[in-house]
Amino acid sequence: MDESRNQYLSLLSRTAQGDQKAFAQLYEATAGRLYAVSLQMLQRRDWAEDVVQEAFVRIWHNAGEYQAEKGTVLTWMISIARYRALDMLRAAKSRRETSEDQAPEREDGQTPELNLYQQRERVEIDHCMDGLEGSQRQAIHMAYFLGLTHFEVCERLASPLGSVKTWIRRGLERLKRCLEA
């Protein structure tokens, strides 16, 4: 683990000096992880690919701004991709809201069967969410339904980052078990 951390740090330092070969090696070593995080958040391959591409452009331009005391190189890179994915989700939501405002009577293609299925699914999710502890329920709602970052959730709940991450992780595990039951 320390070996890969040192390797990433060395590659990023060389990238900050304009070394294209080091940047290519950094890309090869980390692109898969950034893609996995992006795909998990966006659920669309094309968007995840765009996020990774944009993240690496930012990494190239901002490599000299990395601060080791704030986390590992990989954590820094993943956060760049994560924030870009959140931006993309917010932009997509904004476009949907704008298009709905402009075309209130448009046909959405929903069938009664699909509507019923979605309503049942929502009831199941609501039931499982109600079974979570208050802090878990609030953190998951803010992160996944409102699209807030973990840091924004921390600010709203006035709680430490570690606690918020733990609440979300454990809450998602409980939700998964509940929905699979």
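Reader: Is the link of Cys-128 and Cys-178 left-handed or right-handed?

Author: With -80 degrees about the S-S bond, this link is left-handed. Before going on, note that the model is predicted: local features need pLDDT of at least 70, side-chain atom pairs count only at pLDDT 80 or more, and totals for chains, interfaces and linings use all residues. Residues are numbered from 1 along each chain as its sequence is written, and side-chain values use heavy atoms, with hydrogens and water left out.

Reader: How many disulfides does a search of the whole structure find?

Author: A disulfide is a pair of cysteine sulfur atoms within 2.5 Å. The search finds one, and the sulfur atoms of Cys-128 and Cys-178 are 2.0 Å apart. Helices are DSSP runs (H or I, at least four residues), numbered from the N terminus. Cys-128 sits in helix α5 (residues 112-130) and Cys-178 in helix α8 (residues 161-180), so the pair ties together parts 50 residues apart in sequence.

Reader: Is Cys-128 buried or exposed?

Author: Buried means under 20% relative accessible area, exposed over 50%, and partly exposed in between (1.4 Å probe, protein chains only). Cys-128, at 5%, is buried, while Cys-178, at 29%, is partly exposed.

Reader: At what angle do α7 and α8 pack?

Author: Two packed helices are described by the angle between their axes and the distance between the axes. Axes here are lines fitted to C-alpha atoms, for helices over the stretch in contact, and angles run from 0 to 180 degrees between N-to-C directions. Helix α7 (residues 150-157) meets α8 at about 105 degrees, the axes being 9 Å apart. The two are therefore roughly perpendicular, a label for angles of 65 to 115 degrees.

Reader: Which residues of α7 meet α8?

Author: Contact means heavy atoms within 4.5 Å. His-150, Phe-151, Val-153, Cys-154 and Leu-157 are the α7 residues, and their partners in α8 include Trp-167 and Ile-168.

Reader: Which residues have the most contacts inside the largest nonpolar core?

Author: In soluble globular proteins, nonpolar side chains tend to be buried together. A nonpolar core is a set of buried Ala, Val, Leu, Ile, Met, Phe, Trp, Tyr and Cys residues joined through side-chain atoms within 4.5 Å. The largest has 26 residues, and those with the most contacts inside it are Leu-12, Leu-26, Leu-34, Phe-56, Ile-59, Trp-76 and Met-77. Helices α1 (2-16), α2 (20-42), α3 (45-62) and α4 (73-102) each give two or more residues to this core, and the largest share, nine residues, comes from α4. Apart from this core lies another, of 14 residues, among them Cys-154 and Ile-168.

Conventions:
Parallel < 35°, antiparallel > 145°, perpendicular 65-115°, else oblique.
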